[in-house]
Amino acid sequence: MDIASRQDGSIRILKLTGRLDQASADNFHKALIPHLDDCSATGNPLLLDFSGVEYISSVGLRVMILAAKQVKVQNGKVAIANLTPIVAEVFQIGRFNLVFQVFQNYDDAVRFLNQ
Amino acid sequence: MKIKFWGTRGSIPVSVTATNIREKLVAALSGAIGRQLTTDADINDYLNTLGFEVTGTFGGHSSCVQIDIGTEDHIICDMGSGARPLAQSLLTRFGPARPQTYHVFMSHLHWDHIMGFPFFTPVYIPGNRIIIHSCHAEVERAFRRQQDPISFPVEFDQLAARIEFEILQPGQVYAIAGMKVSAQKQHHSGDSYGWRFEHGGQAVVYSTDSEHPVDDIAGQAAIVEFFRGADAVIFDAMYSLAEAVSVKADWGHSSNIVGVELCQQAKVKRLLMFHHEPAYCDGKLTQLLAETRRFEEITREDHRVEVLTTWDGMELEL
């Protein structure tokens with residue numbers, strides 16, 4: 001799992017590429033932590049661009065839940081955009097729309113984070 | 001080993017309603033329009049094409065599961081309201097004149113898991129022996145208390161069977177009723193315990209009323225080891241994952257998604273979804289099963305877990 005970071009105004013954008021599974025989950029979580037730490041009420045809103053995520057396992061979902069919990073405690077804002085069909089299906093089954101703000105495209109996610 | 005489910009509903013017993021029945025009839029009759037159903041065989045062939053949510057029901061009794069290893073002693077997990085139809089079945093089979101021994105393994109002492117005991121007819125029959133195994137020191141008090149006169153017309157001391165309480169320790173392996181039995185402490189209000197039963201090279205885990213907090217890594221690892229290689233895990237899949245980690249966090253229950261994850265890691269053969277949310281109708285439970293199977297398929301890495309959901313009356317031969 002690769003993470004490419006860039007900044008769009010105050011928004012931290014992470015473009016994720018690869019598989020989020022048992023083999024990659026730990027390293028992904030460690031790489032995510034500094035960005036999560038910055039995602040607070042006064043910090044950088046976080047946009048996770050999932051367009052390059054081809055697969056997510058239940059262990060990968062666990063990392064996402066931990067991320068959501070941390071950001072919630074910090075009163076930060078996080079959005080997810082550009083789910084591939086298979087990942088969108090997993091999110092739907094887990095009712096992740098109740099945990100995350102999920103958007104079909106990048107622009108809608110940015111609009112939400114800038115509100 | 002054979003498992004028979006007598007109560008699969010969580011928290012409180014429920015029943016199908018008149019509205020539910022009418023919806024099933026409308027669905028079945030709508031599908032029959034234009035068909036030539038002139039014989040009983042035609043009708044049954046047609047019914048066999050319909051889903052379980054139309055022709056059957058998951059039922060509404062609270063937790064009670066029977067494990068049959070082919071020995072004389074009876075093995076039961078929890079004494080929810082499903083204990084009443086279980087008792088009827090046992091009495092029909094064995095009659096009141098043949099004393100029986102029952103081993104009951106308690107997940108915990110919440111009401112929905114003990115409420116069937118006063119209606120478990122063998123407790124009223126002299127000569128029967130009922131051994132209640134629990135990791136809760138208060139088990140006897142809980143059973144006696146629900147039969148205090150303020151709550152029930154027959155006091156515990158009036159029960160004719162010989163009733164014993166056996167306190168077991170989690171983490172130890174016991175030889176009970178011809179099985180290897182061990183318990184695992186679980187995350188639930190007042191604690192709950194999962195049970196692992198092994199016999200003849202097969203293993204069944206009964207793990208209900210158990211939450212698996214996402215940040216409890218050590219707890220997760222312990223549960224995975226407890227489930228390791230089991231032929232079947234009966235699993236508390238009451239909520240969606242999102243509910244279990246958000247609005248219903250700390251309510252002491254788990255989700256279908258976590259069930260799949262744990263069973264995948266532990267290389268379990270079958271995940272048996274259990275302790276159904278009382279608000280869910282048959283259609284919703286059928287949808288959840290389909291979604292959970294799809295989730296298992298999507299997230300499968302190197303091990304396939306067969307996903308089943310449980311219903312009152314279901315039998316499973318391992």
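Helix H9 (residues 256–266) of chain B lies across strand S11 (232–236), strand S12 (270–274) and strand S13 of chain B, and runs at about 155° to S12(B). Helices (H or I, at least four residues) and strands (E, at least two) are DSSP runs numbered from the N terminus, and axes are lines fitted to C-alpha atoms, for helices over the stretch in contact, with angles from 0 to 180 degrees between N-to-C directions. Helix H10 (residues 282–299) of chain B also packs on the sheet, where it touches S12 and S13 of chain B, and its direction makes about 170° with that of S13(B).

This is a predicted model, in which local features need pLDDT of at least 70 and side-chain atom pairs count only at pLDDT 80 or more, while totals for chains, interfaces and linings use all residues. Residues are numbered from 1 along each chain as its sequence is written, and chains are lettered from A and ligands numbered from 1 in the order in which they are written.

**Sheet of chain B**
- The open sheet has seven strands in the order S7-S8-S9-S10-S11-S12-S13 (chain B), with mixed pairing, where two strands pair if DSSP finds at least two bridges between them.
- At the edges are strand S7 (173–176) and strand S13 (306–309) of chain B, each of which pairs on one side only, and the twist averages 20° from one strand to the next.
- Strand S9 (residues 192–199) and strand S10 (residues 202–207) of chain B run antiparallel and are joined by five bridges; Glu198(B) has Ala203(B) in S10(B) as its bridge partner.

**Domains of chain B**
- The domain assignment, automatic or from a database, gives chain B domain 1 (2–15 + 57–311) and domain 2 (18–55).
- Taken over C-alpha atoms, the centres of domain 1 and domain 2 of chain B are separated by 33 Å.
- Four residues from domain 1 and four residues from domain 2 of chain B make the contact, which is counted when C-beta atoms, placed from the backbone, lie within 7 Å.

**Interface of chains A and B**
- In the complex, 18 residues of chain A are in contact with 18 residues of chain B.
- Helix H2 (58–73) and helix H3 (85–93) of chain A each supply at least two residues of the side that touches chain B, and the largest share, six residues, comes from H2(A).

**Confidence**
- Chain B averages a pLDDT of 96, with 100% of the residues scoring at least 70; pLDDT is the predictor's confidence in each residue, from 0 to 100.
- For the complex, the predictor gives an ipTM of 0.78 and a pTM of 0.92.

Key:
Contact = placed C-beta atoms within 7 Å.
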